[in-house]
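Look at the sequence and the structure together before reading on.

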Amino acid sequence: MCVTGGFLSAEQIDQALSHGVVEMVGLGRAFCLAPDDVAARLKEGSASSLAVFRDAPQDFCNITWLFHNFLCLGEGAPLDKQVTIAAADARQTEYELKWATAYHATRRDGTMSKL
């Protein structure tokens, strides 16, 4: 079983794995928030090193904030930690509409348009 979301320290991850609660954990949010040094931050485990994970938007309604930053990383751009939830939501909505439109086109002509 794989669990993702909510792990904010290496100790939590180790406990979940060593107690057999899970076989794998996902760290997508952690990699979005600190793509260059997730392992070092988790290994250090200090309050200051883990603050980037703890202080990020955590509830589900803020998930588009994370999606926005995943798109930034995918485009080779830096993280946009100052983006508002509303702006991130608008960008995600635009991205999904473009994707859905391109996907729908494949159902008509069998080719996938570049997004």
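Predicted model: local features only at pLDDT ≥ 70, side-chain atom pairs only at ≥ 80, totals over all residues.

## The aromatic pair

Where do Trp99 and Tyr103 lie? Both are in helix 6, which covers residues 85–109. They are 4 residues apart, about one turn of the helix.

The count of aromatic pairs comes to 1. The ring centres of Trp99 and Tyr103 are 5.2 Å apart, and their planes are at 5 degrees, so the pair is stacked. The cut-offs behind this are centres within 6.5 Å for a pair and planes under 30 degrees apart for stacking.

## Helices and strands

How many helices and strands does the protein have? There are 6 helices and 2 strands. Along the sequence, they follow the pattern β-α-β-α-α-α-α-α. Helix 6, with Trp99 and Tyr103, spans residues 85–109.

## Burial, contacts and surface

The protein has 115 residues, and buried residues make up 30% of them. For contacts between residues at least 6 apart in sequence, 32% join residues at least 24 apart.

The protein exposes about 7600 Å². Carbon and sulfur atoms supply 58% of this area.

Notes:
Residues numbered from 1 in each chain as written. Heavy atoms only, no water. Phe/Tyr/Trp six-rings, centres within 6.5 Å; stacked < 30°, edge-to-face > 60°. Buried < 20%, exposed > 50% of the residue type's maximum accessible area, 1.4 Å probe, protein only. Contact = heavy atoms within 4.5 Å. Areas by Shrake-Rupley, 256 points an atom, 1.4 Å probe, with all protein chains shown as cover.
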